[in-house]
Every structure is written in structure tokens, then in C-alpha cells.
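The following note was prepared for a colleague who wishes to review the fold before any further work with the coordinates. Please read it beside the structure.

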Amino acid sequence: MKTSRVVAANQRKYPQLLISKELREIGVNIGDLVEVEVKGNEVIIRKASRDEYESLDEVIKEIIDKRCVNCGERLKLGFVEIGFYEHDGGWFIKSLNKKLWIYAKCLHCGYENSLHKILRRS
Ligand SMILES: [Zn+2]
């Protein structure tokens, strides 16, 4: 499986898929990340989790009220600690111009949920 970014015909910057009527019909827009899987003659395309945010505020909004992957409690304000560190495999934060690995520690059970797991589950 590989990840591609959907682009319009005049943008050729990323490993890419050109936007088509079929992709629009399943809710994919230009700029979205998609996962592409080839099974024999079939090509399966799904929307992938996003990989960039405008700011950390936007990340926090994304996390709050999602459920802890470990205990299932809601990650409400006051019951979650959000942490991050620089990491190439993380999310690009435009306002900081950095890639960060982001996690949310659940204060109900102590589990550190990676943003990736939280988004997968929701
Ligand atoms: Zn928990």
C-alpha cells in the first residue's frame, strides 16, 4: 500500500493521483491524502489520515473529546496531556514549520495515545 496526494492536473509536486469524477464522488478532494492498494486488477483508494495542520491549536481541537484507545474514556480538557517532539514521521505544523510527533496522554489510565491511533479510531 502506498500513500498519494490528490492533485489537479497542473500540480505535479507529490507522488500523486489526478483528481477525477470518481474520486470526487467518494468525497476525495484536491490536496487530500489517499491510500492506494493494488489487488490483482483492482485498485482500491481510501481517504488517508491528514498529515499536516495549520497550528498546534488545530491539533488540540482534533484530539479533544476523542476516545482513549486503551480505556475508551473521552479525552476531555483536564483529562488529557498533549505532548510532542520533533520527528520526521510526524505531522507537519505549518505555523511552526516543523514536523512533530504528537501524542495525548489519557489521565484516566495513563496511556499515551499517538495522534495516529486516535485518528484511525474515530
Ligand atoms: Zn485511557
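The numbered points below go from the overall fold to single residues.

1. Basis of the note. The model is a predicted one, in which local features need pLDDT of at least 70, side-chain atom pairs count only at pLDDT 80 or more, and totals for chains, interfaces and linings use all residues. Residues are numbered from 1 along each chain as its sequence is written.

2. Overall composition. The protein chain has three helices and eight strands, where helices (H or I, at least four residues) and strands (E, at least two) are DSSP runs numbered from the N terminus. Along the sequence these elements follow the pattern β-β-α-β-β-β-α-β-β-β-α.

3. Of the 122 residues, 12% count as buried. A residue is buried if 20 or more other C-beta atoms lie within 10 Å of its own, exposed if 12 or fewer, and partly exposed in between, with C-beta atoms placed from the backbone. Among contacts with a separation of 6 or more, 44% join residues 24 or more positions apart; two residues are in contact if their C-beta atoms, placed from the backbone, lie within 7 Å.

4. The mixed sheet. Four strands form an open sheet with mixed pairing, in the order E5-E6-E7-E8. Strands E5 (52-53) and E8 (112-114) are at the edges and have a single partner strand each, so one side of each lacks a neighbour in the sheet. E5 and E6 pair in the parallel sense over two bridges, and pairing requires that DSSP finds at least two bridges between two strands. Glu52 has Phe92 in E6 as its bridge partner.

5. Helix H2 on the sheet. Helix H2 (residues 56-63) packs on the sheet and touches E5, E6 and E7. The direction of H2 makes about 120° with that of E6; axes here are lines fitted to C-alpha atoms, for helices over the stretch in contact, and angles run from 0 to 180 degrees between N-to-C directions.

6. The E3-E4 hairpin. Strand E3 (residues 33-39) pairs with E4 in the antiparallel sense over six bridges, and Glu37 stands opposite Ile44 in E4. Two residues lie between the strands of this hairpin, and Gly40 in the turn has a positive phi of about 60°. Strand E4 (residues 42-47) is hardly covered, as the count of buried residues among its six residues is zero.

7. The nonpolar core. Which residues make up the largest nonpolar core? There are 11 in all: Tyr53, Cys68, Leu75, Val80, Trp91, Ile102, Tyr103, Ala104, Cys106, Leu115 and Ile118. Strand E6 (80-93), strand E7 (98-106) and helix H3 (115-121) are the elements that give two or more residues to this core, and E7 provides the largest share, four residues. The term denotes a set of buried Ala, Val, Leu, Ile, Met, Phe, Trp, Tyr and Cys residues joined through C-beta atoms within 7 Å. In soluble globular proteins, nonpolar side chains tend to be buried together.

8. Surroundings of Val80. Apart from neighbours within four places in sequence, Val80 is in contact with Ile63, Leu75, Ala104, Lys105, Cys106 and Leu107.

9. Leu119 in helix H3. Leu119 lies in helix H3. Is Leu119 exposed or partly exposed? Leu119 counts as partly exposed because it has 16 C-beta neighbours inside 10 Å. Leu119 and Lys66 are 53 residues apart in sequence, with a C-alpha to C-alpha distance of 8.5 Å.

10. Most residues other than glycine have a negative phi. Asp65, which is not a glycine, has a positive phi of about 80°. Asp65 is found in the loop between H2 and E6 and is exposed, with 12 other C-beta atoms within 10 Å. Asn97 likewise has a positive phi, near 55°. Asn97 is placed in the loop between E6 and E7 and counts as exposed, with 7 C-beta neighbours inside 10 Å.

11. Gly110. This residue is in the loop between E7 and E8. Gly110 is exposed, since 11 other C-beta atoms lie within 10 Å. The C-alpha atoms of Gly110 and Cys68 are separated by 9.8 Å, although the two residues are 42 residues apart along the chain.
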